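Subject: Structure handover

Hello,

Here is the structure you asked for. My notes follow below it.

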Amino acid sequence: MSGHEAGRMPEIGEDHWEGAVAHQALEIEGEPYYLPLGDEVMAFEAAYQNRLPVMLKGPTGCGKTRFVRHMAHRLGRPLVSVACHDDLTASDLIGRFLIRGDETVWVDGPLTQAVRSGAICYLDEVVEARKDTTVVIHPLTDDRRRMRIDRTGEVLQAPPEFMLVISYNPGYQSLLKNLKQSTRQRFMALEFDFPPREAEVAIVIHETGLDRPTAERIVRIGELIRNLKDAGLEEPASTRLLVYAGLLVRGGLDLRRACELSIAAPISDDPAVLEALFALIATVA
Ligand code: ADP
């Protein structure tokens, strides 16, 4: 995302198995920029060294994915990312037989590939996936660190370098989509939230190249929206949206319009709420 990355690391791209294409190892450029907000870097490294699976908790757009990419680079491991969705099954993660011409060939799914290659496997929004995925996640998260591929009869022992990371957004989950205790108690958890003001200003400046006063005004607008109580907002404006506002300003929009389009409009469809958000933006921009 950032244009300020230097160096290279391998990354295996997201694949939803639509079209059943084998995964491709993608190269991303450089160390992904991540501004630490506490002891999360040290804690993640300690988890990696001790082969503990990690859960990243927090609202959308607050840096979880960026953090995992940064840590994969720091630890020198490839990263396999899977955006979980409600059709994602255990076999999507494990792999399946595919017909290629006259042949039937086994193709590893992203989790199998991560286990084989000692990668970091990031299951983003894991609670969205089908329940049967827990059958494959559980044995990989206890001290067995094993994965059984029923279709081929193969049992894989995860190498020390393999690490499972999941993300979970507690605010967004409904009662039906809550992470079960039997799953969550297999992970150590790092809590993420929106960065404090100074850090968020630094992030917006880094990501957009904006001047400090403009970045400060964008962050101020974000804070005001987050402080709105009872506004009927499902989720407050994320750091990601503040970065978008900065990019629109860099693209030539005036600050007010940029904030309306990227901070207010995406978070609500209610005309009254939008009007209130626009009015609030006008007090700063
Ligand atoms: P999440 O995975 O939590 O939904 P992302 O990791 O995609 O969110 O973060 C969204 C954007 O916010 C990133 O692309 C990055 O620009 C910015 N960001 C948020 N927190 C940080 C941070 N601590 N350091 C650097 N960038 C951050």
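Arg 130 is partly exposed, because 16 other C-beta atoms lie within 10 Å. The scale behind that word, with C-beta atoms placed from the backbone, counts other C-beta atoms within 10 Å of a residue's own: 20 or more is buried, 12 or fewer is exposed, and in between is partly exposed. Arg 130 sits in the loop between strand E7 (120-124) and helix H5 (133-141). Helices (H or I, at least four residues) and strands (E, at least two) are DSSP runs, numbered from the N terminus. Leaving aside neighbours within four places in sequence, Arg 130 is in contact with Leu 88 and Thr 89. Contact means that the two C-beta atoms, placed from the backbone, lie within 7 Å.

Residues are numbered from 1 along each chain as its sequence is written.

Confidence

The average pLDDT of the protein is 88, and 87% of the residues score at least 70. Residues 1-22 have a pLDDT below 50, yet this stretch has 49 contacts in the model beyond near neighbours in sequence. pLDDT is the predictor's confidence in each residue, from 0 to 100. Where pLDDT is low, the predicted coordinates should not be read in detail.

Overall

The protein has eleven helices and eleven strands. Of its 285 residues, 38% count as buried. Among contacts with a separation of 6 or more, 70% are between residues 24 or more positions apart.

The ligand

Which residues come nearest to the ligand? They are Gly 63, Lys 64, Thr 65, Arg 66 and Arg 240, out of 18 residues around the ligand. A residue counts as near if its C-beta atom, placed from the backbone, lies within 6 Å of the molecule. By class, the shell has nine nonpolar, five polar and four charged residues. Nonpolar covers Ala, Val, Leu, Ile, Met, Phe, Trp, Tyr, Cys and Pro; charged covers Asp, Glu, Lys and Arg; the others, Gly among them, are polar.

Helix H2 (64-75), helix H7 (197-208) and helix H9 (239-250) each supply at least two shell residues. The ligand shell lies between domain 1 (8-191) and domain 2 (197-284), because both give residues to it. Those domain bounds come from an automatic or database domain assignment.

His 206 is in helix H7. His 206 is partly exposed, with 16 other C-beta atoms within 10 Å. His 206 and Leu 35 are 171 residues apart in sequence, but 9.8 Å apart in space, C-alpha to C-alpha.

Strand E7

Is E7 mostly covered or mostly open? E7 is mostly covered, with five of its five residues buried. In a regular strand the side chains alternate between the two faces of the sheet. In E7, Ile 120, Tyr 122 and Asp 124 point one way, while Cys 121 and Leu 123 point the other way.

E7 runs parallel to strand E4 (residues 79-83), joined by five bridges. E7 also runs parallel to strand E10 (residues 163-168), joined by four bridges. Strands pair if DSSP finds at least two bridges between them. Ile 120 stands opposite Leu 79, and its bridge partner in E10 is Met 163.

Loops

Most residues other than glycine have a negative phi. Arg 51, not a glycine, has a positive phi of about 60 degrees. Arg 51 lies in the loop between helix H1 (40-49) and strand E3 (54-57), and is partly exposed with 16 other C-beta atoms within 10 Å. Arg 145 also has a positive phi, near 45 degrees. Arg 145 lies in the loop between H5 and strand E8 (146-149), and is partly exposed with 18 other C-beta atoms within 10 Å.

Gly 232 lies in the loop between helix H8 (212-227) and H9. Gly 232 is exposed, because 10 other C-beta atoms lie within 10 Å. Leaving aside neighbours within four places in sequence, Gly 232 is in contact with Asp 270 and Val 273. Gly 232 and Asp 270 are 38 residues apart in sequence and 8.9 Å apart in space, C-alpha to C-alpha.

Best wishes

Definitions and conventions: Predicted model: local features only at pLDDT ≥ 70, side-chain atom pairs only at ≥ 80, totals over all residues.
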